[in-house]
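Reader: I am new to this structure and would like to understand the terms applied to it. Please set each value against its definition.

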Amino acid sequence: MMNFNKFHDPRENGELLFEITGKPLDIEKSITETEQLFHQCRENKPVPPFNKTPIKVPFSKKIIERLFRLFTKLYTILEPTQTYVDSKGNVYPEWKPKLDDEYEVLMSRITREVNIEDYGGIGDGKTDNTAAFKKAIGKGFVKLKVPEGIFITKGICLPSWTYLAGAGKGKTTIKLHDNSPKGNRLITNANHWKGNHHLFVQGMTLDWNVERLGAVKKTSTWGNHSSCLTYANVTYGWVKDVEAINPGLHCFDISSTLYNYAGDGFRARGGSKYVWLDGLTGYGFGDDGITTHHSDYIFISNSHMCDPRGRAHQKGFSNSNGFEVDDGSRNVLLVNNSSARCFGGIEVKAHQNSSAASNIQIVGHISVNDNRSYNFRHIGHHKSTDIESKSAYNISAINLAAIMPVFTELYKDSTPRGLVVSAYKNVVINHFTLIGDPDYDYKGNPVIAVQYRARNVVLNNISLKGFKSASASIKVYGGENRADSVWISNSRMEDTTPKAIEVGAGVQDIQMNQIHEANPSD
């Protein structure tokens with residue numbers, strides 16, 4: 001098996017997907033096919049969830065939600081953006097040409113191109129360069145070059161119209177000072193409240209220097225602090241070919257001014273929009289590698305996140321994901337990324353007291369030894385006594401690979417899954433390859449779980465093998481909070497579980513066709 005460690009080059013992911021699946025895939029044709037399936041989902045009227053009388057929200061939580069509502073606006077589900085493929089096979093969102101035009105605007109507004117060394121910067125791994133960065137950046141309209149070396153700082157704030165360029169990953173390193181507070185962000189935009197625009201960070205390693213904290217139980221403070229790079233309330237942003245090491249919280253966080261927990265149906269003000277993250281790598285993160293919150297029109301491509309520390313959480317309960325599309329995010333496209341040894345490879349979710357991410361598209365992803373390769377859920381909207389989610393809608397995914405999901409110490413009680421869908425409606429998974437270890441003990445758990453009030457879920461072209469000790473290849477859970485309105489088609493289960501598909505009690509609307517069970521001798 002190929003080694004997806006911290007040295008993995010994520011720009012190889014597209015070719016590696018072909019090796020893993022063993023079949024050529026016409027991406028443009030597959031996108032069209034998936035869009036058709038997704039349209040059918042949206043047109044279908046699903047079986048409604050069974051509802052008991054919802055449990056009342058405690059008064060203390062209501063007070064907290066009302067306080068957060070001072071900084072919110074109503075949540076709406078946008079129209080999904082189109083995805084296109086260019087002549088070279090590159091996948092991109094329909095709004096990328098707009099961002100390309102804004103890049104030209106950025107370059108036209110830069111009036112200075114300077115080197116940090118001209119302002120007293122010294123990359124010796126000892127000198128504090130905080131003042132040098134501040135002086136060199138000034139009020140923006142600048143391209144600041146940072147040469148090879150290790151540049152110590154207590155944090156860098158970027159005003160609008162700023163391009164920060166290093167000599168490459170592992171060549172230019174920007175590292176937090178040993179005396180930096182736990183909540184410091186290594187790089188962020190200058191004004192989270194008013195917002196910033198036209199920011200570009202490229203070609204460097206960002207070392208949050210978690211070692212400076214010693215053996216603390218928790219490596220982060222609150223909100224969107226304690227990360228390597230945070231864009232909060234940024235319009236038109238780029239981060240390219242950057243490595244992030246050992247942050248207390250996130251490697252890269254595309255965020256609103258504040259995280260917001262005003263309840264489902266609301267979203268934070270000051271979200272970021274039109275941001276492209278490309279060629280990023282990260283490891284040792286306290287929570288997630290790349291995450292988005294309350295932000296729109298985000299493009300994440302050719303990136304790799306692996307081996308979190310999970311120390312932003314209580315030991316054994318670490319929801320540390322390689323890629324997380326979180327609370328209130330809308331119209332996010334992920335293309336040809338990879339993750340390894342995380343809790344979740346890609347998690348699309350929301351907390352109970354926030355709106356869910358919606359209109360999420362994934363085209364190509366490799367998950368290796370993640371506990372839950374792909375995990376789609378709206379926490380706190382799963383039980384029959386929970387209020388039904390108002391916002392957990394619209395996920396489509398093409399050309400996924402889940403390689404040997406495993407148990408993990410990050411989240412000690414979580415069972416391995418190739419895919420989990422909970423609470424979401426209108427979910428289409430097309431061309432999904434799952435490869436297990438025939439000798440690994442999956443302890444009678446299913447590989448794919450569709451559960452907890454999920455509706456309008458399509459699983460098409462699923463290829464699954466090597467999960468001998470699992471209970472079922474695909475399980476659609478029943479009961480009072482059952483999943484329903486599920487379609488499974490054109491799928492092959494090879495040398496695997498005792499049951500290909502298990503359907504729980506009470507499921508009313510399930511369609512299955514062209515399901516093939518095979519042993520190697522077939």
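Reader: Why is Arg309 called partly exposed?

Author: Arg309 has a relative accessible area of 38%. Buried means under 20%, exposed means over 50%, and partly exposed lies in between (1.4 Å probe, protein chains only). Arg309 is therefore partly exposed. This is a predicted model, in which local features need pLDDT of at least 70, side-chain atom pairs count only at pLDDT 80 or more, and totals for chains, interfaces and linings use all residues. Residues are numbered from 1 along each chain as its sequence is written, and side-chain values use heavy atoms, with hydrogens and water left out.

Reader: Where is Arg309 found, and which residues does Arg309 touch?

Author: Arg309 is in the loop between β21 (304-306) and β22 (321-325); helices (H or I, at least four residues) and strands (E, at least two) are DSSP runs, numbered from the N terminus. Leaving aside residues up to four places away in sequence, Arg309 touches Val210, Glu211, Asn246, Gly284, Phe285 and Leu410, where contact means heavy atoms within 4.5 Å.

Reader: What makes Arg42 and Glu79 a salt bridge?

Author: Their side chains meet at 3.3 Å, N to O. A salt bridge is a side-chain nitrogen of Lys or Arg within 4 Å of a carboxyl oxygen of Asp or Glu, so the pair of Arg42 and Glu79 qualifies. Arg42 lies in helix α2 (residues 27-43) and Glu79 in the loop between β1 (72-74) and β2 (83-85), so the pair ties together parts that are 37 residues apart in sequence.

Reader: Are these two residues buried or exposed, and how do you know?

Author: Arg42, at 36% relative accessibility, counts as partly exposed, whereas Glu79, at 57%, counts as exposed.

Reader: How do you know that Asp100 and Lys96 are separated by about one helical turn?

Author: Asp100 and Lys96 are 4 residues apart in helix α4 (residues 96-109), which means a separation of about one helical turn. Their side chains meet in a salt bridge of 3.0 Å, N to O. Asp100 is partly exposed at 31% relative accessibility, while Lys96 is buried, with a relative accessible area of 15%.

Reader: What does the salt bridge of Asp296 and Arg267 link?

Author: The side chains of Asp296 and Arg267 meet at 2.9 Å, N to O. The pair links distant parts of the chain, with Asp296 in strand β20 (residues 296-301) and Arg267 in strand β16 (residues 266-268), 29 residues apart. Both Asp296 and Arg267 are buried.

Reader: How many salt bridges are found in the whole structure?

Author: The search finds 18.
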